[in-house]
Amino acid sequence: MHMKLTENIIIKVLGRRGRLKVDEFRVRHDLVKGKFFTKKNIITLFLQNKLYGRFILPKQIYGQIYSWKECNDAIFLKFKNINGKRRTCPFCGWRGKIFVTFHSKYNKIINNGCPKCGSFPRHRLQYFYLKKKLSNYKEINTLNIAPEKCMEKFLQSYKNIKYISCDIKAKAMLKEDITRLTFKEKQFDLIICNHVLEHILEDKKAIRELFRVLKKDGFAIIQVPISNTYKTQENIRFTEEQRERIYGLSDHVRYYGLDFKKRLEKAGFKVKVDKFANKLPKKYIDKYGLDSTEKIYVCKKD
Ligand SMILES: [Zn+2]
């Protein structure tokens with residue numbers, strides 16, 4: 001499946017007209033940042049492996065952040081007919097042979113992102129978890145922090161959900177700093193906060209804020225990347241390079257360990273670490289590209 005991007009395919013993606021400003025694609029590489037490029041430049045740089053980094057593809061295509069290598073896979077999946085469509089995305093209905101591989105400098109996760117809506121295994125697992133829970137409620141005041149397109153659409157499809165999304169910089173309904181939310185105490189029945197805290201220096205403050213705005217009988221799903229060590233690794237003096245190598249990505253400020261549960265409990269949460277993937281039919285793991293070892297951190301007030 002690892003086909004190289006050909007000129008033809010990239011032109012299909014970028015369109016035949018105009019030029020691209022690379023800034024729009026959040027390319028971090030100094031060589032190309034801020035410059036204008038023609039399609040031909042981009043293709044040449046890409047093929048010479050000089051262009052890499054995380055960037056946003058045109059929204060109408062994926063609506064998610066991908067690296068060039070992921071883009072390569074995603075485009076391949078989009079434009080090539082693949083036999084044996086055994087994988088399905090529960091959010092958008094995409095069907096194909098395999099989900100897109102995630103690449104960072106030191107990491108590679110195969111069968112990961114949905115090429116259509118950008119869902120990751122963690123979202124797809126939560127899809128089934130939430131689907132089971134959400135219809136039990138009459139009205140659910142929901143807060144989605146740093147909303148993912150797939151989650152946003154899914155939650156908004158529920159008539160009983162009053163949906164609010166917020167983020168400090170990316171697109172969301174409200175601009176909010178998670179360490180000092182402007183919401184009232186006990187405002188939300190449901191909070192979804194996926195892979196946010198590992199970016200926040202003052203994560204204890206952020207967890208306390210999530211606790212504050214959650215209703216007494218509500219619940220919050222708070223997910224972070226977790227390593228197998230007990231203790232969370234955190235060193236504020238790390239360089240970007242060290243963060244990428246040790247924490248997984250350069251914008252992560254720590255790598256949580258199994259003591260993550262304790263951190264949540266310190267703010268007052270009662271935490272259930274739900275091995276929900278084990279409760280689903282076995283065939284779901286493969287079919288929907290789930291991570292069978294992933295646990296959902298369900299946080300309640302009592
Ligand atoms: Zn999808």
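Colleague: Which residue in S12 does Ile145 stand opposite?

Modeller: Ile145 stands opposite Cys193 in S12. Keep in mind that this is a predicted model: local features need pLDDT of at least 70, side-chain atom pairs count only at pLDDT 80 or more, and totals for chains, interfaces and linings use all residues. Residues are numbered from 1 along each chain as its sequence is written.

Colleague: How do S9 and S12 run, and how many bridges join them?

Modeller: They run parallel, joined by four bridges. Strands are DSSP runs of E, at least two residues, and helices are runs of H or I, at least four, numbered from the N terminus. Two strands pair if DSSP finds at least two bridges between them.

Colleague: What is the strand order in the open sheet?

Modeller: S11-S10-S9-S12-S13-S17-S16, seven strands with mixed pairing. S11 (174-175) and S16 (270-274) stand at the edges with a single partner strand each, so one side of each has no neighbour in the sheet.

Colleague: Which strands does H4 lie across?

Modeller: H4 (residues 121-134) lies across S9, S10, S12, S13 and S17 (296-300), at about 40° to S17. Axes here are lines fitted to C-alpha atoms, for helices over the stretch in contact, and angles run from 0 to 180 degrees between N-to-C directions. H6 packs on the sheet too, touching S9, S12 and S13, and its direction makes about 145° with that of S13. Contact means C-beta atoms, placed from the backbone, within 7 Å.

Colleague: Which residues of H6 are buried?

Modeller: Asp203, Ala206, Ile207, Glu209 and Leu210. Buried means 20 or more other C-beta atoms within 10 Å of the residue's own, with C-beta atoms placed from the backbone. Seen down the axis of H6, they fall within an arc of 155°, so they line one face of the helix. That arc is taken from the directions from the helix axis to the C-beta atoms. Their cover includes S12, S13 and H8.

Colleague: Now the largest nonpolar core. Which members touch the most others?

Modeller: Ile145, Ile191, Cys193, Leu210 and Ala220, out of 37 residues. A nonpolar core is a set of buried Ala, Val, Leu, Ile, Met, Phe, Trp, Tyr and Cys residues joined through C-beta atoms within 7 Å. S12 gives the most to this core, five residues.

Colleague: What does Ala220 touch?

Modeller: Ile191, Cys193, Leu210, Leu214 and Cys299, leaving out residues up to four places away in sequence.

Key: A residue is buried if 20 or more other C-beta atoms lie within 10 Å of its own, exposed if 12 or fewer, and partly exposed in between; C-beta atoms are placed from the backbone. Two residues are in contact if their C-beta atoms, placed from the backbone, lie within 7 Å.
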